[in-house]
Amino acid sequence: MDHAATSWPKPDQVVEAMRSTMLMYGANPGRGSHSMAVQASRVIFQTRRNLAKLFGIRNPNDIAFTMNTTMALNMAIQGVLSSGDHVIATSIEHNSVRRPLEYLRRTRGVEVTYIETDAAGNLDMAKFRESFQLHTKLVICNHSSNLLGTILPIEKIGQFTRSQGAFLLVDAAQSAGILPIDVERMGIDLLAFPGHKGLLGPQGTGGLYIAPHVDLEPLMRGGTGSRSEDMEQPMVRPDRYEAGTPNTVGIAGLNEGVKFILNETVEKIHTKEWSLTRLLMEGLETLEGIQLLGPPKNQPRTGIVSFIIEGIDASQLAFRLDREYGIAVRSGMHCTPLAHASAGTLDSGAVRASVGYATTEEDIYAVITAVRQIIEDFAR
């Protein structure tokens, strides 16, 4: 019940693809013309192409592979912002957004505005529009909060951002592979996504979509296998943003995860997760002293259900769920103190249970039963 951190278990074909890559063509892609290197390059391009299909991206080469969403966000934020720029973010952003922004505020004089959401994580579009300034260059928002599960209206945000001549960077850590994403229709200029969550790939994989009209300064420079005679980083994509040896084994596994999603469809995945999420919320709401965070049960959200229980420490509850019931959840600040401040749980933290495509109704009932028993124990 910790799919918001990473999905598990992975589809069998993800594991087998990684194993086959190591055994059959564990070479360095783009660094040789021998057959194993060519096969490694081929699987990387296939993954790029499948991701482009999933996200409505016209040119697969506009996708740069990264280690994770955090690296992708840093590539985008540090690559586009410079001294004198203004950036808008929300009060429910992850530290992977907040910390790079605060670093640039201190070192480059970048101006940052955080728009407060309500306690459920909903964004006031009027406040959003009023936050724009003449020098606003970038808007950053998550597609779904990793604490509250709130789904932000990305298409509306994208339309207004584009009308103001600014770029939109979307943190899709909790939505890639779970919610429909079309970068063209939604007005997304930069899309940071993980490979190991909703895309069902392994850890150590992720990516950044960079729209053709956006030129980022590379986060890293070095060998690309192309234009080796040049002193400067090549301009051609994706080489410009992929210095060094890529995680071919991980990307091969990611390719199978994305293929699994394309075959199942995002719509089917979201429908199942939404059904399980409502079931979990309905069960938890019957328990004494519990408070669910985020939107009410009939308002759409991703499969994240965070809660607090009066008189029970969140960390202690998570510990008991793991040790006594074999249920994995996450407690604490969830790397998003901004969102906890918005929700009013900055002092207490919370317990987060999160469903995935592999979650079953039996898993949901097990969580509800375990939490009920722990509450009863504390009441004695």
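Which residues have the most contacts inside the largest nonpolar core? They are Phe55, Leu169, Leu191, Leu199 and Leu208, in a core of 79 residues, where a nonpolar core is a set of buried Ala, Val, Leu, Ile, Met, Phe, Trp, Tyr and Cys residues joined through side-chain atoms within 4.5 Å. Buried means under 20% relative accessible area, exposed over 50%, and partly exposed in between, with a 1.4 Å probe and protein chains only. This is a predicted model, in which local features need pLDDT of at least 70 and side-chain atom pairs count only at pLDDT 80 or more, while totals for chains, interfaces and linings use all residues. Residues are numbered from 1 along each chain as its sequence is written, and side-chain values use heavy atoms, with hydrogens and water left out.

**Nonpolar cores**
- The largest share of the 79-residue core, seven residues, comes from helix H2 (residues 35-55), helices (H or I, at least four residues) and strands (E, at least two) being DSSP runs numbered from the N terminus.
- Leaving aside neighbours within four places in sequence, Phe55 is in contact with Ala176, Ile181, Asp182, Val183, Leu191, Phe193 and Leu199, contact meaning heavy atoms within 4.5 Å.
- A second, separate core of 28 residues includes Leu276, Leu284, Leu287 and Leu321.

- The buried residues of helix H4 (residues 95-108) are Asn95, Ser96, Val97, Pro100, Leu101 and Leu104, and what covers them includes E2, E3 and helix H11 (337-343).
- H4 is followed by Gly109, whose phi is positive, near 70°.

**Helix H10**
- The buried residues of H10 are Ala314, Leu317, Ala318, Arg320 and Leu321; they cover an arc of only 160° around the axis, which puts them on the same side of H10, the arc being that of the directions from the helix axis to the C-beta atoms.
- These buried residues pack against strand E9 (304-309), strand E10 (330-332), strand E11 (350-354) and helix H12 (361-379).
- At the start of H10, a side-chain oxygen of Asp313 comes within 3.0 Å of the backbone nitrogen of Ser315, and after the helix comes Gly326, with a positive phi near 65°.

Terms used: Polar contact = N/O pair within 3.5 Å; in protein donor to acceptor, adjacent residues only side chain to side chain. Expected span 1.5 Å × (residues − 1).
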